[in-house]
Amino acid sequence: MIALEAINVTKIYGTGANAVTAVNDVSLSIRRGEFVGLVGPSGSGKTTMLAMLAGLLKPTHGQIIIADKDIGRMSEGKRTKFRGQYIGFAFQANNLVPYLNAQENVELLLRLNGKLNRQSRQRARELLERLGLGDRLKNRPGQLSGGQQQRVAIARALIHEPEVVLADEPTASLDTERAHQVVQTFAELIHEQNRAGIMVTHDLRMCKYTDRVIQMMDGRISRVITDRREILRLAGAADELDGHAAAVNGVPVLAGDPLVAVKGI
Amino acid sequence: MSYYLALKEVWRNKGRFLLIASVVALITTLVLFIAALAEGLASANREYIEKLNGELLVFQDGTQLSTTASRIGRQRIAELRRVEGVEAVGQVGFTTVKVVPPDGGADINVAFIGVEPGMPGEPPVIAGQQIERERGNNVIVDEGLVARLGTKVGDTIRLKVTQGTQEEFYDLNVVGITDRRQYFFQPAVFAPLITWDKIRPDSSNAPNAELVSNIAVVKLRDPASQAAMAKKIEQEVKDVEVADRRTTWEALPGYAAQQSTLTTQQFFTFFIGVLVVGGFFQIQTLQKVAQIGMLKAIGLSNWTVSWTAIIQIVTVNAIGVAIGAIGTLALTSNFPVTVPIMLTGTTAFASVLALLAIGPLGGIVSVFVLLRIEPLRALGMA
Ligand SMILES: Nc1ncnc2c1ncn2[C@@H]1O[C@H](COP(=O)(O)OP(=O)(O)OP(=O)(O)O)[C@@H](O)[C@H]1O
Ligand SMILES: [Mg+2]
């Protein structure tokens with residue numbers, strides 16, 4: 001079942017001579033229970049795309065459909081409410097409210113949706129335990145490590161049973177081992193709970209937990225990899241090159257990628 | 001949601017918010033103190049005139065409502081009494097003399113006020129009896145004197161008057177006590193006008209000369225006709241100037257200047273409060289930009305975010321005002337009577353209301369900043 005659909009989405013920043021087409025006529029759809037990795041060189045339009053899928057940015061053209069609603073057409077207020085209800089977020093940094101403890105941060109989304117009760121609190125606790133934070137429930141973000149904070153963010157992104165879960169470079173501030181742990185659990189939970197997940201990442205090794213990799217280039221989708229072996233090969237190659245090294249000048253190196261030839265690698 | 005976030009944040013950062021609350025408390029104390037001082041000084045100056053049992057005061061023309069310069073004689077009083085609409089007229093004279101404390105302390109200055117028994121100008125007693133006799137040594141004292149000397153009905157007080165180079169002493173019987181009726185920052189002693197005329201310094205009156213006082217107090221049949229009656233009296237009686245009580249006390253020496261100085265001080269203190277509280281919350285807000293962007297991205301509305309800030313600022317401000325007000329009340333109630341500090345219900349209430357507005361006023365800028373934070377910030381955009 002399709003959870004999210006983008007139809008001919010374009011985003012143009014600015015007007016006239018200063019106009020920048022950040023996303024150019026992109027269409028994609030993501031099913032429930034599917035975890036998609038969004039990759040591409042710097043400036044290719046990943047964040048812009050994610051912002052539109054999240055209802056944080058209005059597309060210049062095209063539609064974004066979540067739960068049968070075109071979120072590009074919604075008023076600011078409606079979209080804000082919609083985000084709280086249908087979308088889960090894990091950002092690169094500043095994910096958590098500093099004066100709330102781990103449990104309260106997760107419960108924030110339940111509270112926001114008027115779903116805070118004994119059962120849902122119990123679910124929040126179980127989710128945090130599942131993420132290995134059983135003994136950190138009462139700790140505030142300042143008392144948690146970076147990896148622990150990102151795991152709390154993942155719990156918060158999922159607790160209100162959203163339609164779509166979006167992650168923007170969730171592992172950027174973590175070491176390799178922590179990054180793997182976090183993304184692996186994230187993927188597991190997306191599959192278990194049957195959510196549609198999208199993760200923007202520069203670290204191609206993290207793609208091994210995804211079901212599909214979408215590569216963007218100059219505002220367009222330049223490549224889509226769905227074949228499991230192909231994805232593992234990509235992640236494996238990246239692993240050998242220590243992850244970030246696999247991105248040459250910010251361009252991910254994919255097996256058989258014509259860019260490799262272009263860049264002379 | 002807003003309440004939850006607002007109070008959680010305050011609670012989890014008690015130290016920081018307590019700091020700003022105590023700044024507000026100090027500002028409150030200062031504002032209330034100035035208010036109390038303004039009120040205390042004002043009433044110490046005007047109390048007698050404010051409480052007069054007559055609507056209009058009659059001065060000699062051209063004296064610009066100065067009770068010391070004005071002279072009103074029996075002749076004028078008789079004319080005033082004949083004006084249609086006037087119910088009663090009392091002659092009142094002012095001077096300053098010293099009272100010698102019975103226990104031998106330093107002399108205290110008192111306003112020695114001559115009044116006609118039973119006429120406007122004589123204050124009503126709250127203990128003992130009125131003066132009643134036109135002559136003799138019966139006097140009424142106000143509670144200001146009681147507070148300083150512990151005078152009781154039936155006591156004798158000794159006045160010391162300097163006539164030229166000589167000191168004269170007069171013993172007077174306190175027959176009644178009236179509430180606080182200070183005049184020109186001094187406690188008051190009320191004597192029959194004839195006695196007053198004999199005792200007061202510089203009485204160069206030749207015998208049989210007309211009995212002259214400073215002003216006349218006029219009680220009207222219809223108090224509502226004040227303005228019209230003032231005109232009428234000025235037309236029908238020669239060489240007089242008529243004013244109502246408020247106009248009179250506002251013309252007291254230094255009264256207006258003093259009050260406006262204190263009001264200015266109060267305003268500036270209040271203004272400093274707005275800046276300090278506003279500045280504090282503004283800095284807080286600027287430090288939270290990333291966090292607010294994230295909250296808006298995950299679905300908190302502008303309204304929720306702003307309301308959270310308003311609740312915090314109002315709560316913290318109110319706590320500060322409460323601490324300050326209670327502290328000031330406790331402090332002022334322990335002041336000796338000689339300190340002109342007076343925190344009346346209305347002044348305190350008005351000041352507290354104004355102080356409570358410091359929060360919302362100071363918070364306006366923060367709220368505008370909050371409203372303008374883009375949720376896109378959460379993705380590192382905007
Ligand atoms: N607010 C903006 N105004 C004008 N141009 C913008 C704005 N935001 C992004 N762009 C441009 O749009 C293009 C796509 O930017 P975007 O941030 O989506 O890229 P990205 O793929 O997320 O890059 P990175 O990997 O570096 O995060 C870039 O050329 C960028 O300069
Ligand atoms: Mg980006």
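How many nonpolar, polar and charged residues does the shell around ligand 1 have? I looked it up in a predicted model. The shell has 4 nonpolar, 7 polar and 1 charged residues. My classes: Ala, Val, Leu, Ile, Met, Phe, Trp, Tyr, Cys and Pro are nonpolar, Asp, Glu, Lys and Arg are charged, and the others, Gly among them, are polar.

**Ground rules**

I number residues from 1 along each chain as written, letter chains from A and number ligands from 1 in written order. Local features need pLDDT of at least 70, side-chain atom pairs need pLDDT 80 or more, totals for chains, interfaces and linings use all residues, and side-chain values use heavy atoms, without hydrogens and water.

**Ligand 1**

I listed the residues around ligand 1, those with a heavy atom within 4 Å of it. Among them are Tyr13(A), Val20(A), Pro41(A), Lys46(A), Thr47(A), Thr48(A) and His202(A). Strand E2 (20-31) and helix H1 (46-53) of chain A each supply at least two shell residues. H1(A) gives the most, with 3 residues. Helices (H or I, at least four residues) and strands (E, at least two) are DSSP runs, numbered from the N terminus.

Next I checked polar contacts, meaning N or O atom pairs within 3.5 Å. A polar side-chain atom of Lys46(A) lies 2.6 Å from an oxygen atom of ligand 1. For Thr47(A) I also noted 2.6 Å to a ligand oxygen. For Thr48(A) the value is 2.5 Å. Alone, ligand 1 exposes 630 Å², and the protein buries 61% of that. I took areas by the Shrake-Rupley method with a 1.4 Å probe.

**The pocket**

Where does ligand 1 sit? Ligand 1 takes the space of the second largest pocket; sitting there means that more than half of its atoms lie within 2 Å of the grid points. A pocket is an open set of points on a 1 Å grid over the protein atoms alone, with protein on both sides within 12 Å along at least five of seven lines; lining residues have an atom within 4 Å of a point. This pocket holds about 360 Å³. Its lining counts 25 residues, and Thr47(A), Gln92(A), Asp168(A), Leu379(B) and Gly380(B) lie nearest the centre. By class I noted 8 nonpolar, 12 polar and 5 charged.

**The cavities**

A cavity is a set of points where a 1.4 Å probe fits but cannot get out. I found 2 cavities of 30 Å³ or more. H10(B) gives the largest share, 6 residues. The lining has 12 nonpolar, 7 polar and 2 charged residues.

Technical notes:
Polar contact = N/O pair within 3.5 Å; in protein donor to acceptor, adjacent residues only side chain to side chain. Points joined across faces, edges and corners; volume = space filled by probe spheres on them.
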